[in-house]
Amino acid sequence: MLEEPYRWVEAINNRRDYLQDQLAGGSPVVGTPYAGGVLLLTTTPGPRKLFEVYNEMAFAAVGHPADIEKLRKAVIDIAHLEAFNLSAHDISLQRLVHFGIGPLMKRAFDEIFRSPYLARVLVAELDPAHDQECFFSVDADGSFVSGKEAAAVSGVAGAQEDIVDQLQSGTSEASLEDALSSALEAWARGQLPPLEDGKQIHGEGAIREFLSEALSSAKLEAAVLDRTLPTTSKFRLLTAAELEPLTTRHSGR
């Protein structure tokens with residue numbers, strides 16, 4: 001097969017179709033800054049999807065739980081190896097993506113005789129040295145894009161752009177409560193199917209109805225990189241008590 005380029009291209013295209021089918025049902029992960037740091041939000045039927053990978057860096061993903069766990073451990077190993085070989089100050093989100101997780105996922109995708117990672121990854125850094133690189137989203141083929149105001153990963157093609165567009169007005173000066181509400185509404189818009197004209201501009205009523213149904217059957221999960229924490233680690237999962245006002249307001253309970 002490797003001696004026949006057109007067959008290799010066909011195999012790669014088949015892998016893209018396979019990944020799209022496998023990831024289509026995944027709940028998006030939304031990332032947005034707020035006044036106190038960085039917020040990540042998603043829903044999950046059970047397994048966690050939001051993690052710390054280094055002092056001021058967080059990891060989230062959409063996909064198969066086993067592959068998410070493999071990638072999480074790989075990112076942690078890469079970060080700690082970099083810290084050992086260089087220094088803790090040299091660990092940046094840019095290096096982690098450009099020289100770590102990006103090539104790792106691309107290698108798995110290109111090797112057509114092995115399974116690719118069934119995952120799309122979102123990583124975030126608190127107060128990065130490069131202003132435009134607060135977030136990176138990494139696709140299953142290893143391609144990645146950076147962002148500052150908002151980011152998302154989703155199992156559905158086009159939904160990521162809808163979510164990011166919804167948050168482009170920026171919440172960098174918003175309170176955590178307001179950022180949570182904005183992130184949840186953007187998450188919902190990314191889940192709703194496009195309207196007949198191809199645009200995903202659903203009314204507030206449709207958003208409320210969708211959230212009421214979705215939050216009754218799925219667990220809301222949110223985490224922050226909080227710059228006000230006095231510890232070296234800035235990652236914190238939000239508790240059920242902190243999320244209850246949000247779920248109550250949007251679920252109609």
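This is a predicted model: local features need pLDDT of at least 70, side-chain atom pairs count only at pLDDT 80 or more; totals for chains, interfaces and linings use all residues.
1. Strand 7 makes the largest contribution, with four residues.

2. The space in the largest pocket comes to about 360 Å³. Its lining consists of 21 residues, of which Ser137, Val145, Ala152, Gln160 and Glu161 are the closest to the centre. By class, ten of the lining residues are nonpolar, eight are polar and three are charged.

3. The second largest pocket holds about 310 Å³ of space. Among the 20 residues that line it, Ser27, Thr43, Thr44, Pro45 and Lys49 are the closest to its centre. The lining of this second pocket comprises nine nonpolar, eight polar and three charged residues.

4. Which elements supply at least two residues each to the lining of the second largest pocket? They are strand 2 (37–44), strand 4 (57–63), helix 2, helix 5 (176–191) and helix 6 (204–217). The largest share, three residues, is that of helix 2.

5. When neighbours within four places in sequence are set aside, Ser92 is in contact with Met57 and Glu125. Between the C-alpha atoms of Ser92 and Arg208 there is a separation of 38 Å, the two residues being 116 residues apart along the chain.

Terms used: Residues are numbered from 1 along each chain as its sequence is written. Side-chain values use heavy atoms; hydrogens and water are left out. Contact means heavy atoms within 4.5 Å. On a 1 Å grid over the protein atoms alone, a cavity is a set of points where a 1.4 Å probe fits but cannot get out, and a pocket is an open set with protein on both sides within 12 Å along at least five of seven lines; lining residues have an atom within 4 Å of a point. Grid points are joined across faces, edges and corners, and a volume is the space filled by probe spheres set on the points. Ala, Val, Leu, Ile, Met, Phe, Trp, Tyr, Cys and Pro count as nonpolar, Asp, Glu, Lys and Arg as charged, and the others, Gly among them, as polar.
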